[in-house]
Amino acid sequence: MITVGDVLEFLETLAPRYMKMDWDHVGLLCGRSGREVRRILVALDPFQDVCQEAADWGAELLVTHHPLIFQPPQSITDDTSVGRCILFLAARDMAAINAHTNLDCAPGGVNDCLAAALGLEHVTNYAVEGREKHYKLAVFV
């Protein structure tokens, strides 16, 4: 049996949490890590229609690039789109994981793929000041 926690652990081997920017929220943002997973919907953003599509498809897990929770919410109600998504997912026992700036910065991640698609050469990673193991893409053309 594969669980939400197993998927998260694997994703963090590709895009480690320490690579995220300080202001970012990555990882399991909604749901139970012990939840069994048979279907995963992958998307850019966790919008309401994406959550609905995941439910319609029978997914137990939604994996997105952008986070479901970007600013810490003051409340979880149906008055906001974030609140509606969280309530929707929770009511269906669905989990939501994201890999955002950690996936952007990871070797072979979003920035590297974009640089390759643009045909850029002499692409270098550099450490962000004060964060020994955090890398951000620097591009030299």
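**Ground rules**

Helices here are DSSP runs of H or I with at least four residues, strands are DSSP runs of E with at least two, and both are numbered from the N terminus. I am working with a predicted model, where local features need pLDDT of at least 70, side-chain atom pairs count only at pLDDT 80 or more, and totals for chains, interfaces and linings use all residues. Residue numbers start from 1 along each chain as its sequence is written, and side-chain values use heavy atoms, with hydrogens and water left out.

**Entry: Asn 102**

I started with Asn 102, which I found in helix α4, residues 101-105. Is Asn 102 buried or exposed? Asn 102 is buried, because its relative accessible area is 2%. I take buried as under 20% relative accessible area, exposed as over 50%, and partly exposed as in between, using a 1.4 Å probe and protein chains only.

A polar atom of the Asn 102 side chain sits 2.9 Å from the backbone nitrogen of His 100. For a polar contact I need a pair of N or O atoms within 3.5 Å; within protein, one must be able to donate a hydrogen and the other to accept it, and residues adjacent in sequence count only if both atoms are side-chain atoms.

I then listed contacts, meaning heavy atoms within 4.5 Å. With neighbours within four places in sequence set aside, Asn 102 is in contact with Ala 15, Pro 16, Arg 17, Met 19, Lys 20 and Val 26.

**Entry: the whole chain**

I counted 5 helices and 6 strands in the protein chain. Along the sequence the pattern reads α-β-β-α-β-α-β-α-α-β-β. Of the 141 residues, 39% are buried. Among contacts with a separation of 6 or more, 61% are between residues 24 or more positions apart. The accessible surface is about 8,300 Å², and carbon and sulfur atoms hold 56% of that; the areas come from the Shrake-Rupley method with a 1.4 Å probe, and for residues only the protein chains shown count as cover.

**Entry: the sheet**

I traced an open sheet of 4 strands in the order β1-β4-β3-β2, with mixed pairing. Its edge strands are β1 (27-30) and β2 (40-43), each pairing on one side only. From one strand to the next the twist averages 25 degrees. I call two strands paired if DSSP finds at least two bridges between them.

Which way do β1 and β4 run? β1 and β4 (residues 95-98) run antiparallel, joined by 3 bridges. Gly 27 stands opposite Asn 98 in β4.

Helix α1 (residues 4-14) packs on the sheet and touches β1, β2, β3 (61-64) and β4, and its direction makes about 5 degrees with that of β4. For angles, axes are lines fitted to C-alpha atoms, for helices over the stretch in contact, and values run from 0 to 180 degrees between N-to-C directions.

β3 and β4 run parallel over 4 bridges, with Val 63 partnered by Ile 97 in β4. β2 and β3 are parallel too, again with 4 bridges, and Ala 43 has Thr 64 in β3 as its bridge partner.

I checked the strand faces as well. Ala 95 and Ile 97 point one way from β4, Ala 96 and Asn 98 the other way, and all are buried. β2 has Leu 41 and Ala 43 on a covered face, and Ile 40 and Val 42 on an uncovered one.

**Entry: α3 and the cores**

The buried residues of α3 (residues 81-91) are Gly 83, Cys 85, Ile 86, Phe 88 and Leu 89. They pack against β1, α2 (48-57) and β4. After α3 comes Asp 93, with a positive phi near 55 degrees.

A nonpolar core is a set of buried Ala, Val, Leu, Ile, Met, Phe, Trp, Tyr and Cys residues joined through side-chain atoms within 4.5 Å. The largest one has 16 residues, and Cys 30, Leu 41, Cys 51, Leu 68 and Leu 89 touch the most other members. β2, α2 and α3 are the elements giving two or more residues to this core, and α3 gives the most, with 4 residues. Apart from this core lies another, of 8 residues, including Leu 8, Leu 61, Val 63 and Ala 95.

What does Cys 51 touch, not counting residues up to four places away in sequence? Cys 51 touches Pro 46, Leu 62, Cys 85, Phe 88, Leu 89 and Met 94.
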